[in-house]
Number of protein chains: 2
Amino acid sequence: MLKVGVNGYGTIGKRVADAVCAQPDMELVGVAKTRPNFEAETAVRNGYSLYAALPERVDQFDDAGVPLAGVVDDLVAESDVVVDTTPSGIGAQNRELYERHDTPAIFQGGEDADIADVSFNARANYDEATGAQFVRTVSCNTTGLSRLLAPLDETYGVKKARVTLVRRGGDPGQTGRGPINDILPDPVTLPSHHGPDVQTIFPELNIDTLGLKVPATLMHTHSVNVTLESTPAAEEVRDLLAGESRLFFVPKHAGIDGAGKLKEFAMDAGRPRGDLWENCIWEESIAVQDDDLYLFQAIHQESDVIPENIDAVRAITGSASKEESIALTNESLGVGLDSVFAGQNQPFVAADD
Amino acid sequence: MLKVGVNGYGTIGKRVADAVCAQPDMELVGVAKTRPNFEAETAVRNGYSLYAALPERVDQFDDAGVPLAGVVDDLVAESDVVVDTTPSGIGAQNRELYERHDTPAIFQGGEDADIADVSFNARANYDEATGAQFVRTVSCNTTGLSRLLAPLDETYGVKKARVTLVRRGGDPGQTGRGPINDILPDPVTLPSHHGPDVQTIFPELNIDTLGLKVPATLMHTHSVNVTLESTPAAEEVRDLLAGESRLFFVPKHAGIDGAGKLKEFAMDAGRPRGDLWENCIWEESIAVQDDDLYLFQAIHQESDVIPENIDAVRAITGSASKEESIALTNESLGVGLDSVFAGQNQPFVAADD
């Protein structure tokens with residue numbers, strides 16, 4: 001059993017902790033949290049050992065009646081691997097802590113790429129993480145793009161990718177974030193930093209990205225253009241992507257027009273927290289014009305990196321092959337929504353036919 | 001076993017169906033739906049028998065590969081009680097269907113009060129529904145106000161209630177609704193119709209309400225003022241309300257500042273769809289100035305009426321007493337969030353102390 005600690009218990013950390021508990025080959029040592037808010041309370045209620053991320057705040061937990069198992073140093077000492085899910089920039093400060101304990105650690109995509117030996121996406125470069133001391137699971141957007149671009153590049157060759165990322169302003173609980181009535185070019189200088197982040201996974205890939213921020217909290221949506229080396233029909237692209245376990249097609253008859261209904265569907269399907277671990281590609285949107293492929297995909301910023309963090313734990317420890325790990329993660333979490341749709345096997349008709 | 005049919009499988013219907021299945025004394029006959037969208041697919045996936053609400057649309061279900069058990073007439077014929085969760089106004093059209101089958105039915109608060117023999121809130125007037133042919137579960141807002149006002153009126157006497165309802169514009173999946181950047185007096189004529197709706201439960205109550213609509217989808221929030229006949233301290237009011245099983249206090253240390261974090265908390269606590277069946281009262285907000293009580297409460301429009309619909313099934317059939325039904329519904333669904341908070345039993349300090 002791999003003993004896994006989770007440092008940080010917010011949006012990503014609580015999901016990683018739950019996912020670790022769902023793995024047959026992993027054991028959750030506990031989670032570290034800076035303050036005794038509702039998330040700390042639910043961690044305790046879930047039976048997770050709770051560690052104070054800041055030793056000087058132990059009193060706050062005591063005052064709130066929230067029991068602690070120790071401080072974050074104890075957590076790291078007891079873990080074979082730590083998944084660091086602290087806010088952007090804090091991971092870099094924590095690196096010394098993991099070095100001191102000689103404990104391998106997995107950072108999140110909010111950290112700079114140079115925090116780790118390798119940036120990681122399970123589909124694209126699983127094997128590169130094996131034996132590393134530090135691995136960085138790339139951001140939600142880069143994860144979503146990597147899953148899509150890997151099969152396209154392998155099968156058709158990518159001449160150039162151009163992606164507009166229409167990003168949610170904040171997560172549902174981030175009441176301090178904006179915008180509340182605007183569409184912000186963000187960053188306004190082009191191309192955006194998202195393309196270079198994708199290149200941490202695909203160093204040779206030719207990709208330009210543009211980012212905007214809108215008044216939405218549920219998901220990001222990507223407007224994707226990929227100029228291919230060859231010119232497959234839309235049906236062929238559709239069939240290729242249908243073979244990828246972490247890509248979900250939103251069927252035409254489902255009546256799902258955006259992130260609101262996608263999240264409602266996820267909750268109806270019994271997903272914990274309404275999470276969508278898969279890229280959600282509108283099947284109807286897949287179109288090929290000459291050698292240009294176009295599609296829309298929605299990316300759940302809170303959860304699409306969760307399966308990748310689990311795979312990263314196995315990759316960094318060398319405890320399973322890529323295929324074994326992805327299959328085990330998918331099986332244990334329940335990744336894959338296609339089976340929900342009775343009509344999923346109907347013939348696909350491309351919009352440009 | 002009470003055989004319960006659910007006509008309409010949208011926001012309320014799917015939750016009622018799940019709740020029926022959780023009851024030890026009820027059996028779900030099936031659900032009726034107008035079209036084969038994602039909700040119909042998940043109904044089938046849940047193992048619910050699906051009936052076409054519009055017989056002329058059976059072909060649409062066949063085309064989408066979604067299997068039907070029959071049409072809505074079959075559902076009503078096989079049910080002891082039908083819960084009608086169709087959109088506002090459709091319930092009135094369906095009344096003749098239930099009369100034809102001599103099947104008792106429970107309508108939702110979107111219908112006019114005169115559709116039914118009695119408007120219903122489990123806490124306030126359970127016994128009035130027993131033996132009725134038609135019962136109307138009042139709206140989410142009226143339910144939330146009834147749960148709060150019943151104990152206040154019984155214990156202190158309500159001289160006058162004045163409530164501003166800051167309402168969500170639409171549910172998360174209702175992408176056609178607004179406003180997207182405005183605060184609408186709605187209705188602009190005062191007082192609003194919400195007060196008279198509360199009076200369908202408390203005919204003698206003196207209440208004025210004012211409604212607004214804002215760009216939010218998660219919950220309604222009520223700004224409540226109740227002028228009492230007596231002048232209890234805030235602590236006494238707090239202790240009185242703490243004894244009510246469907247009122248939840250948001251503790252001060254929880255770090256929950258609005259509906260976004262309330263919903264996140266509900267999902268962390270493992271609630272299906274992140275539902276909040278309880279009124280969510282900010283404990284810190286409870287204040288008494290002379291004989292005026294003030295507080296803020298958030299109401300989850302998608303789910304607070306679910307326990308009430310379950311109780312209405314027992315009330316209309318006379319199969320359980322008020323106390324038995326409320327306890328059984330609470331137990332089977334898991335109503336009550338206070339236990340999540342380890343620090344819940346800390347002394348309450350009113351803001352005006």
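In the predicted model, helix α2(B) is mostly covered, with 6 of its 8 residues buried. The buried positions are B:F38, B:E39, B:A40, B:E41, B:T42 and B:A43. Their packing partners lie in both chains: α10 (259-268) of chain A on one hand, and α1, β2 (26-33), β3 (50-52) and α3 (58-63) of chain B on the other. At the N-terminal end, α2(B) is capped by B:N37, a side-chain oxygen of which lies 3.0 Å from the backbone nitrogen of B:E39. The helix is followed by B:G47, which has a positive phi, near 85°.

The interface between the two chains involves 37 residues of chain B in contact with 36 residues of chain A. Chain B and chain A bury about 3,300 Å² between them, and 50% of this area is on carbon and sulfur atoms. Between the chains, 18 residue pairs are in polar contact, counting pairs with both residues at pLDDT 80 or more. The number of salt bridges between chain B and chain A is 6. In one salt bridge, the side chains of B:K14 and A:D268 meet at 2.6 Å, N to O.

On the side of chain B that touches chain A, at least two residues are supplied by each of α1 (11-21), α2 (38-45) and α10 (259-268) of chain B. The largest share, 6 residues, comes from α10(B). By class, this side of chain B consists of 13 nonpolar, 14 polar and 10 charged residues.

Key:
Residues numbered from 1 in each chain as written. Chains lettered and ligands numbered in written order. Predicted model: local features only at pLDDT ≥ 70, side-chain atom pairs only at ≥ 80, totals over all residues. Heavy atoms only, no water. Contact = heavy atoms within 4.5 Å. Buried area = accessible area lost by both parts, 1.4 Å probe. Salt bridge = Lys/Arg side-chain N within 4 Å of Asp/Glu carboxyl O. Polar contact = N/O pair within 3.5 Å; in protein donor to acceptor, adjacent residues only side chain to side chain. Helix = DSSP H or I, 4+ residues; strand = E, 2+ residues; numbered from the N terminus. Nonpolar A, V, L, I, M, F, W, Y, C, P; charged D, E, K, R; others polar. Buried < 20%, exposed > 50% of the residue type's maximum accessible area, 1.4 Å probe, protein only.
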